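Here is a short report on helix packing and a ligand site. Take a look at the model first.

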Amino acid sequence: MRIVMVGAGYVGLVSGACLSEFGHEVVCVDCDPGRIAALKEGRIPIYEPGLQQIVQANGAAGRLSFSTDLSGAVREAEAVFIAVGTPPRHGDGHADLTYVYQAARDIAEGLNGYTVVVTKSTVPVGTARAVQAVIRQARPDADFDIASNPEFLREGSAIEDFRRPDRVVVGCESERAREVMREIYRPLFINETPMLFTGRESAELIKYAANAFLATKITFINEMADLCEQVGADIKDVARGMGLDKRIGGKFLHAGPGFGGSCFPKDTLALLKTSQDHGAPSRIVDAVVSVNDARKRAMARKIAAAFGGDLNGKTVALLGLTFKPNTDDMRDAPSLTIVPALQALGATVRAFDPEGMAQARKLMDIETCEDAYETMQGADGLVLLTEWNQFRALNLVRVGQLLRQKLIVDLRNIYAPAQMQSYGFRYVSIGRAAVQPPSTLAVAAE
Ligand SMILES: NC(=O)c1ccc[n+]([C@@H]2O[C@H](COP(=O)([O-])OP(=O)(O)OC[C@H]3O[C@@H](n4cnc5c(N)ncnc54)[C@H](O)[C@@H]3O)[C@@H](O)[C@H]2O)c1
């Protein structure tokens, strides 16, 4: 099938590349000429493991191409996916649909023969209907349907998620559109992927409800972590004990510095706005948003306390800037709140991130280093903020030699307190008692 993917970002590029791998002919269109020029030269504008290989392979096979000419590409297509950004609108948190409607107008120009236009961007309830009206107004003659097909992939494992999704959700209102969508995802039938057909409003709401639920799970375990610290419990044990209950499940029960990223913060805000606008306010989501915002600020205070309360003149070595590992995405990363807060308290922050430093330098005034160990040279302590694999097995003897004080604040709980203690560190983590090094052990470890 001939498919156009509008928007060659984290979702559009991965989805387009994976659909071409299924055997479809895909043109990825973006309004950013620099992005398209880079893709045509084989350069991938984002970091996503495995993406380069499938873009290259399917480009070479002639199934995947790139263009800035949207209406030209649409002329040849049977299905057109809208995968442009839907950032929060300034002021009220509602999803900004400017890019979606611009894409809809450009698509309308090119429509030629029966075409299914699919909203893959995360868009508020009612957007598919509104996109239909925009296109109908521009092209009263056009033969098209609108389907909603929200995307659930996760950055960092996006390709595997697209190839093996838990489910594919499609909202549409005609059998003709349903047939086209079935044909597009037919290769997934081999893995027996459930394909859920719903109305468009339900499909749109499923995406927000799923993200808000996951954000709630994270926020719940974060609050339990605070309680653990007060009562002498260990959040890792509590989360495991909860997660083994099949009704709860162990995923998204990792306590940390608060959720961030390109989806949860904006999608919870947008859901709040939708629920208020429709007279069905969600007090749970409201609490999740404010608890999470407060948590990121509290993390800076937790770090300051671990460093002795006064950060003036102190240097903090910080590992991990992106909102999670295996991505270069800095959107709403906790580091964007925590680093400026530490600086405001007088600290110098020296950071390293395997993929996020170029983006981070654009967003904050921060000293970046060439590798993890360089951040630690003469620093007053180390903060672990994002759990990249390469930070999970640091050479702890070397860490201890480089730092001026043997202090580690681990906001992802990637180390075991007993191990830290045996290496002579004072170790502060989330939802577990801080450990102090018995001085004899500290000497023995060195
Ligand atoms: N990033 C994720 O993990 C993820 C996961 C699921 C869903 N989503 C949703 O998918 C959508 C896209 O997110 P993203 O992270 O890929 O965004 P992104 O910012 O990485 O990519 C969007 C791309 O669209 C392009 N664009 C904007 N307007 C255009 C137009 N009129 N014509 C052509 N191109 C246009 C931009 O230049 C940009 O390259 C959002 O609604 C998001 O909420 C994202």
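Helix H9 spans residues 200-231 and packs on H12 at an angle of about 45°. Their axes lie 10 Å apart. This is a predicted model. Angles under 35 degrees would count as roughly parallel, and 65 to 115 as roughly perpendicular. H9 and H12 are therefore oblique to each other. Their crossing is left-handed.

H12 covers residues 283-306 and also packs with helix H13, residues 335-344. The angle here is about 45°, and the axes are 8 Å apart. H12 and H13 are therefore oblique to each other. The crossing of H12 past H13 is right-handed.

## Packing of H5 and H6

Helix H6 runs through residues 127-138 and packs with H5. The angle is about 40°, with 9 Å between the axes. That makes H5 oblique to H6. Which hand does the crossing of H5 and H6 have? The crossing of these two helices is right-handed.

## The shell around the ligand

H5, residues 98-110, also takes part in the shell around the ligand. How many residues surround the ligand? The count is 26. The closest are Val11, Asp30, Thr86, Glu155 and Lys266.

Which element gives the largest share of the shell? That is H5, with three residues. Helix H1, residues 10-21, supplies at least two residues, as does H5. By class, the shell has ten nonpolar residues, eight polar ones and eight charged ones.

## Polar contacts and cover

Thr86 has a side-chain N or O atom 2.5 Å from an oxygen atom of the ligand. For Lys266, an N or O atom of the side chain is 2.6 Å from a ligand oxygen atom. Thr86 and Lys266 are both listed among the closest residues. Ser262 faces a nitrogen atom of the ligand instead: an N or O atom of the Ser262 side chain is 3.2 Å from that nitrogen.

How much of the ligand's accessible area does the protein cover? On its own, the ligand has 840 Å² of accessible area. The protein covers 90% of that area.

Definitions and conventions
Residues numbered from 1 in each chain as written. Predicted model: local features only at pLDDT ≥ 70, side-chain atom pairs only at ≥ 80, totals over all residues. Heavy atoms only, no water. Near = heavy atom within 4 Å. Polar contact = N/O pair within 3.5 Å; in protein donor to acceptor, adjacent residues only side chain to side chain. Areas by Shrake-Rupley, 256 points an atom, 1.4 Å probe, with all protein chains shown as cover. Helix = DSSP H or I, 4+ residues; strand = E, 2+ residues; numbered from the N terminus. Nonpolar A, V, L, I, M, F, W, Y, C, P; charged D, E, K, R; others polar. Axes fitted to C-alpha atoms, helices over the stretch in contact; angles between N-to-C directions. Parallel < 35°, antiparallel > 145°, perpendicular 65-115°, else oblique. Left-handed = near helix turned anticlockwise from the far one by under 90°.
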